[in-house]
Amino acid sequence: MVAGSYTVEIESSVEAKRLWNATVKDSHNIFPKIAPGIVAGITILQGDGGVGTIRQIDFTAANKEFSYVKERVDKVDEDNFSYTYSHVEGGVLGTKLASAQYQAKFSPKAGGGSISSYTCHYDTLPGVDQDEAKTEEIKSKSTSLFKLIEAYLIAHPTLYA
């Protein structure tokens, strides 16, 4: 078993509060809208979006590795735009990973805009080695998804204000 982590940090001209509102508070609506070729839908299975909420993200056939993942909200800090969640089922849990926990944080930047950071802490299953190429691919996909959200918010400046 290997314990590992990675972080993706992205500067944006979009304010932290708008990114927070779009990607955390309304992710179940915005992700399928801006990435319909990847995200088929997001369903809240239990809860109201706060701590303990369970949601399922269903992926399109474009994702060859898995069809869904269930996430549990672990922490929400709206004042500091920080959100922590764990995968509890699906994805690569049970095939490659024993656990995966994520933190998204949106920090206002002096002079406007923001810095967004996404950190993943994971434990691989016994016998599964850390795959740096796969980690880089995941980071690239995360950045691409972020850029879709950013472009959508720039094109719609009054949304999520």
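Student: What do buried and exposed mean here, and is Phe81 buried or exposed?
Tutor: Buried means under 20% relative accessible area, exposed over 50%, and partly exposed in between, with a 1.4 Å probe and protein chains only. The model is predicted: local features need pLDDT of at least 70, side-chain atom pairs count only at pLDDT 80 or more, and totals for chains, interfaces and linings use all residues. Residues are numbered from 1 along each chain as its sequence is written, and side-chain values use heavy atoms, with hydrogens and water left out. Phe81 has a relative accessible area of 15%, so Phe81 is buried.

Student: Where is Phe81 found, and what is its phi near?
Tutor: Helices (H or I, at least four residues) and strands (E, at least two) are DSSP runs, numbered from the N terminus. Phe81 is found in the loop between strand S4 (68–77) and strand S5 (82–90). Its phi is positive although the residue is not glycine, and the value is near 50 degrees.

Student: Which residues of H1 are buried?
Tutor: Eight of the ten residues of H1 are buried, so the rest of the structure largely encloses this helix. The buried ones are Ala16, Arg18, Leu19, Trp20, Asn21, Ala22, Thr23 and Val24.

Student: Which elements do the buried residues of H2 pack against?
Tutor: Helix H2 covers residues 27–34, and its buried residues are Ser27, Ile30, Phe31, Pro32 and Ile34. Contact means heavy atoms within 4.5 Å. The buried residues of H2 pack against helix H1 (16–25), strand S2 (39–46), strand S3 (54–59) and helix H3 (132–155).

Student: How many aromatic pairs are in the whole structure, and why is the pair of Tyr83 and Tyr85 described as it is?
Tutor: Rings of Phe, Tyr and Trp (its six-membered ring) pair if their centres lie within 6.5 Å; planes under 30 degrees apart count as stacked, over 60 as edge-to-face and the rest as tilted. A search of the whole structure finds eight aromatic pairs. The ring centres of Tyr83 and Tyr85 are 5.4 Å apart and their planes lie at 40 degrees, so this pair is tilted.

Student: Which strands hold Phe106 and Tyr118?
Tutor: Phe106 and Tyr118 form an edge-to-face aromatic pair, 6.0 Å centre to centre with 85 degrees between the planes. The pair links distant parts of the chain, twelve residues apart: Phe106 is in strand S6 (residues 97–108) and Tyr118 in strand S7 (residues 114–124).

Student: Which residues do ring pairs link into a cluster?
Tutor: Phe106 is one of them, and at 1% relative accessibility Phe106 counts as buried. The cluster consists of Trp20, Phe81, Phe106, Tyr118 and Phe146.
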